[in-house]
Amino acid sequence: LMSVLGADFKIAFDVNRAHGLVHRLDRDTSGAILWAHSYDGYFAARLQFAARSVRKHYVCLCSGFMQHSKRFFEAPLLETDPSDPATISV
């Protein structure tokens with residue numbers, strides 16, 4: 001990260017600010033990483049995560065034909081069985 005982005009983004013060198021890495025979203029599913037390229041963005045994002053005000057929206061990419069309309073899927077991405085935490089369903 002530092003060798004690729006450090007020349008343009010000084011936060012990439014800052015070990016005290018995790019090199020700009022803000023959060024790993026949905027660690028158990030997609031594992032997307034949120035990185036800030038500025039100190040302002042880093043602190044703003046950290047504050048939003050700390051305040052639990054971040055809202056996530058997902059897009060489903062499909063192969064094949066679907067009718068053109070908005071579809072909503074409201075369900076957890078990850079579920080665990082309380083009696084067996086090692087059991088996971090997505």
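Before the details, residues are numbered from 1 along each chain as its sequence is written, and since the model is predicted, local features need pLDDT of at least 70, side-chain atom pairs count only at pLDDT 80 or more, and totals for chains, interfaces and linings use all residues. Side-chain values use heavy atoms, with hydrogens and water left out.

Let me begin with confidence, given as pLDDT, the predictor's own score for each residue from 0 to 100. The chain averages 75, and 68% of the residues score at least 70. Where pLDDT is low, the predicted coordinates should not be read in detail.

As for the overall layout, the chain has two helices and four strands, following the pattern α-β-β-α-β-β along the sequence; here helices (H or I, at least four residues) and strands (E, at least two) are DSSP runs, numbered from the N terminus. Of the 90 residues, 13% count as buried, where buried means under 20% relative accessible area, exposed over 50%, and partly exposed in between, with a 1.4 Å probe and protein chains only.

Now to α2, which has 12 residues and spans 16 Å from its first C-alpha to its last, close to the 16 Å expected at 1.5 Å a residue, the expectation being 1.5 Å times one less than the number of residues. Tyr42, Ala45 and Phe49 are buried in this helix, and they lie on the same side of α2 because they cover an arc of only 75° around the axis, taken from the directions from the helix axis to the C-beta atoms. On the other side, Asp40, Leu47 and Ala50 are exposed. The cover over the buried residues of α2 includes β1 and β2 (33-35), and just after the helix Arg52 takes a positive phi of about 55°.

Leaving aside neighbours within four places in sequence, Asp14 is in contact (heavy atoms within 4.5 Å) with His19 and Tyr39. Asp14 and Tyr39 are 25 residues apart in sequence and 9.9 Å apart in space, C-alpha to C-alpha.
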